[in-house]
Amino acid sequence: MMIYDSLTRQKRPFEPLVPGHISIYVCGVTPYAESHLGHARPAVLWDVIKRYFIRRGYIVHHVQNFTDIDDKIVARAQDLGISVTDVAERYMKEYTDAMNRLRVLPPDYAPRVTENVTPINQFIEELINKGKAYATSAGDVYFRVGQSPGYGRLSGRQVEDQRVGVRIESSEDKEHPADFALWKSSGADEPGFPSPWGRGRPGWHIECSVMASRYLGPQFDFHGGGIDLIFPHHENELAQSEAYWGVSPARCWVHNGLITQGSIKMSKSLGNGISLRELLDRVSPMALRTYLLSVHYRSPLDFSQDALEDWSRGIVRVWDMYERVKDAGSPSERLDQPWAKRLESFEERLLAALDDDFNTARALAEIYEMVRDVHQGEASGHAETAHGWARINILKADQVLGILPWPATPRSLEHDKLLAALLSWRQEARLEKDFKIADRIRVVLSQAGWTIEDTPRGPRVVAKEDV
RNA sequence: GGCGACGUAGCCAAGUGGUAAGGCAGGGGUCUGCAAAACCCCUAUGCCCCGGUUCGAAUCCGGGCGUCGCCUCCA
């Protein structure tokens, strides 16, 4: 198992901290606005990583937080004239709904900052006691970057090289411009929590150090998030955790590339994010999911509607095959043909692709090659065996990658009866060679959003919204 | 200015030293009342450019060109 670590900048063999267990902390979202497509990428990636480790026999502990208190949420609440809690709840629910539609398994713990204020305060106090942080007369607490010799090694930068002026906020009583807030005092009209330094709220980075160690311990296996979080968020988090525990928190830092549009990063602040909810209303969630997995996670993914549709057309072939073979029995004969041997060893190749730094693109390619082997089996007169393997292998791929759509929108019984009646009328017409009627029925159904396909096994109706 | 990533067929994309996976589109075919679907076959002497290392380079090194990201909230 080879995994790329952002800290060492190389792919290297991975050994879990505790044999047989995998612990994962992924930075979640700040729920102050609608989720966009960019949020779906790490979620789907970590979902696959998790399923992969589970399949490999590990016990997985996965934590993903919600930053439910933050300046942006406060501002949003004031805009909408509702409470900070209501804003956070609304967008957390929206995010969770989108994840469900993408078949993303929920994390084992989804802690919130507002439920961890006391441990956060204890953590900050200890950092002050250790001389790693200091409180100001204004009631703010800052982390003392100068006390962290390794600071900058995750993001590969030196504090003094950074563009001057950008980080420095007005009227600072910070000791050093690079020092960052652990605790920020709240104004009278802002939400706040009591603390030894007065009423205030946690800074952006401290939550993750606190919650990760609280739920997973001082050290854990993976820390994940978008590549844009490396600096300052993860750099600061690393510094805090190290200052507190004396060890580097994550054994491996995994950062996904960003989703762009026209090569420009999709982000909330640029306002060019594609609404995840709207996109999921428009395309099949599982087609979107496979599209996200079609590019290696560390590469940027330049979103295009065309590319998504291309992927959608491809994965539909796998769905169709599953429809055809889902009732097949388990294969009972063992054959020496190459296709049969490949079908038997399909899962090994699937997992081997993921062993190599979670290469989901290669894993998807394995699925298509497997589909071709099934066709070869059919052509060589062993359809039953081939179908049996097809069923097993597609389900195995689905278990790890998540590729099959959940049942399409349920239809009413009346609906089905009506369709069946029209189809049998058309079949009668066809038998009587009355193709005028037959074609007329096809046109009428097509106008209603249904496509009839005459297959060797009889007519089949596909609803346009299913694809 | 500092740091980093990327550049593979018409499009998307895997491949990090051994002779270019996969998907979409396109062409040809099988099947079919027609259509669609499905399936089969074909489609990069070449991987941004120029040098170098090597028996051998898309892969390693050097130099360019182009695009993007981080340094401010960001997945």
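Visitor: What classes do the residues lining the largest cavity divide into?

Guide: This is a predicted model. In it, the lining of the largest cavity divides into 6 nonpolar residues, 1 polar and 1 charged.

Visitor: Which residues line the largest cavity?

Guide: Arg41, Val44, Leu45, Leu292, Leu293, Val295, Tyr297 and Thr360. Helix 1 (37-55) and helix 8 (285-293) are the elements that each give two or more residues to that lining. Helix 1 gives the most, with 3 residues.

Visitor: And how much space lies in the largest cavity?

Guide: About 70 Å³.

Visitor: How many cavities does a search of the whole structure find?

Guide: The search finds 3 cavities of 30 Å³ or more.

Visitor: What lines the second largest cavity?

Guide: Its lining is made of Cys208, Ser209, Ala212, Ser213, Pro218, Phe220, Glu237, Leu238, Ser241, Trp245, Pro249 and Trp253. Two or more of these residues come from helix 5 (206-216), and likewise from helix 6 (230-245). By class, the lining has 8 nonpolar, 3 polar and 1 charged residues.

Visitor: Staying with helix 6 for a moment, which residue there is Pro232, and is the peptide bond from Phe231 to Pro232 cis or trans?

Guide: Pro232 has its place in helix 6, and the bond leading from Phe231 into Pro232 is cis, with omega near 0°.

Visitor: Back to helix 1 and helix 8. At what angle do their axes cross?

Guide: At roughly 80°, and the two axes come within 10 Å. That makes helix 1 roughly perpendicular to helix 8.

Visitor: Which residues meet there?

Guide: From helix 1, Leu37, Ala40, Arg41, Val44, Asp47, Val48 and Arg51. From helix 8, they meet Leu288, Arg289, Leu292 and Leu293. The contact has 7 nonpolar residues, no polar ones and 4 charged ones. Arg41, Val44, Leu292 and Leu293, which take part in this contact, are also among the residues lining the largest cavity.

Visitor: How do helix 1 and helix 13 cross?

Guide: The axes of helix 1 and helix 13 (residues 383-401) come within 7 Å and cross at roughly 120°. The two helices are therefore oblique to each other.

Visitor: What meets what between helix 1 and helix 13?

Guide: Val48, Arg51, Tyr52 and Arg55 of helix 1 meet Lys396, Asp398, Gln399, Val400 and Leu401 of helix 13. Sorted by class, that contact has 4 nonpolar, 1 polar and 4 charged residues. Val48 and Arg51 are in this contact, and both are also in the contact of helix 1 with helix 8.

Visitor: Now helix 11 and helix 12. Are they roughly parallel or antiparallel?

Guide: The axes of helix 11 (residues 346-355) and helix 12 (residues 360-379) cross at roughly 160° and come within 7 Å. Helix 11 and helix 12 are therefore roughly antiparallel to each other.

Visitor: Is the crossing of helix 11 and helix 12 left-handed or right-handed?

Guide: Right-handed. Helix 11 makes the contact through Phe346, Arg349, Leu350, Ala352, Ala353 and Leu354. Helix 12 contributes Thr360, Arg362, Ala363, Glu366, Ile367 and Met370. Taken by class, there are 8 nonpolar, 1 polar and 3 charged residues in the contact. Thr360 is part of this contact and is also one of the residues lining the largest cavity.

Visitor: One last thing, about the backbone. Which residue has a positive phi although it is not a glycine?

Guide: Arg9, with a phi of about 60°.

Visitor: Where is Arg9 found?

Guide: Arg9 lies in the loop between strand 1 (2-5) and strand 2 (10-13).

How values were computed:
Residues are numbered from 1 along each chain as its sequence is written. Chains are lettered from A and ligands numbered from 1 in the order in which they are written. This is a predicted model: local features need pLDDT of at least 70, side-chain atom pairs count only at pLDDT 80 or more; totals for chains, interfaces and linings use all residues. Side-chain values use heavy atoms; hydrogens and water are left out. Axes are lines fitted to C-alpha atoms, for helices over the stretch in contact, and angles run from 0 to 180 degrees between N-to-C directions. Helices (H or I, at least four residues) and strands (E, at least two) are DSSP runs, numbered from the N terminus. Angles under 35 degrees count as roughly parallel, over 145 as roughly antiparallel, 65 to 115 as roughly perpendicular and the rest as oblique. A crossing is left-handed if the near helix is turned anticlockwise from the far one by less than a right angle, and right-handed if clockwise. Contact means heavy atoms within 4.5 Å. Ala, Val, Leu, Ile, Met, Phe, Trp, Tyr, Cys and Pro count as nonpolar, Asp, Glu, Lys and Arg as charged, and the others, Gly among them, as polar. On a 1 Å grid over the protein atoms alone, a cavity is a set of points where a 1.4 Å probe fits but cannot get out, and a pocket is an open set with protein on both sides within 12 Å along at least five of seven lines; lining residues have an atom within 4 Å of a point. Grid points are joined across faces, edges and corners, and a volume is the space filled by probe spheres set on the points.
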